[in-house]
Amino acid sequence: MKPFHIITITAFLLIISSIIGCANDNIKPEYTPPDINSNAPSEEIVIHDRPVIHNELREQLIRQYTLKHYGAEILEITPQAVVIHWTASDSADGTFNWFNKEKYYNGTLNVCSHFLVDRDGTVYRLTKETLLCRHIIGYNWCAIGIENVGGVDGTEDLTHEQLLSNIALIRYLHKKYPTINWVFGHYQQTEAQTTGLYKENVSGYYSIKSDPGPKFMESLAKGLKDEDINFLPY
Ligand SMILES: [Zn+2]
């Protein structure tokens with residue numbers, strides 16, 4: 001075969017393969033648990049401070065909440081767990097505005113979380129990392145909360161960017177607070193009692209949760225398998 005023909009055929013094959021490649025790029029499955037292995041890069045975490053109102057009223061409500069539920073006034077926590085959530089809404093701004101109020105609808109301490117991760121993986125820090133936040137019954141006294149925007153109608157739709165940000169954020173937190181031994185999802189709250197961290201003085205105080213779903217927790221555990229930290233079965 002003449003060199004000219006070989007070049008022509010090669011060019012033709014390159015064009016065809018690039019067209020197929022582009023077509024593949026356009027196929028985006030609704031949700032595919034990202035295949036993270038232990039060699040996944042531990043990306044540098046970029047944290048954007050976006051603090052919710054922290055005033056005397058919030059502190060007073062935190063003290064009231066902890067006295068009632070844990071039997072002591074606790075403002076500052078020693079983190080022993082990181083709990084992963086989804087917001088069940090599609091808006092970071094809406095979530096921020098909700099958390100920004102000090103009072104819950106019934107006048108008690110409002111729900112909040114230490115971190116909020118947007119769909120594109122942007123990480124917002126909403127409070128001081130060791131301030132007690134109300135995000136999971138029974139574990140607020142020892143757990144840092146990460147909320148992920150998504151999960152509307154219970155759909156497991158958290159993004160690959162959110163997964164990578166959660167991995168980087170947990171690595172950052174674990175390095176900063178070696179007292180952290182556990183990472184679990186809100187839906188794992190009952191199984192998490194085996195950690196010995198559950199405390200609740202008010203009997204029957206409980207709510208069923210499904211966030212952030214087992215697929216996300218499995219992907220998170222795979223992405224952090226080289227980190228000396230414990231996960232519960234998904
Ligand atoms: Zn939750």
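Two residues are in contact if their C-beta atoms, placed from the backbone, lie within 7 Å. The model is predicted: local features need pLDDT of at least 70, side-chain atom pairs count only at pLDDT 80 or more, and totals for chains, interfaces and linings use all residues. Numbering runs from 1 along each chain as its sequence is written.

**View 1. Surroundings of phenylalanine 115.** Neighbours within four places in sequence are left aside. Phenylalanine 115 is then in contact with Val123, Tyr124, Arg125, Leu126, Ile146, Glu147 and Leu169. Its bridge partner in strand 5 is isoleucine 146.

View 2. Strands 3 and 5 pair (at least two DSSP bridges between them) in the parallel sense, over three bridges.

**View 3. The largest nonpolar core.** Such a core joins buried Ala, Val, Leu, Ile, Met, Phe, Trp, Tyr and Cys residues through C-beta atoms within 7 Å; buried means 20 or more other C-beta atoms within 10 Å of the residue's own, all placed from the backbone. This core has 44 residues. Ala81, Val82, Val83, Phe115, Ala143, Val183 and Leu220 touch the most other members. Helix 4 (helices are DSSP H or I runs of at least four residues) gives the largest share, seven residues.

**View 4. Confidence along the chain.** The pLDDT (the predictor's confidence in each residue, from 0 to 100) averages 87. It is below 50 over residues 6–31, a stretch with four contacts beyond near neighbours in sequence.

Key: Buried ≥ 20, exposed ≤ 12 C-beta atoms within 10 Å, placed from the backbone.
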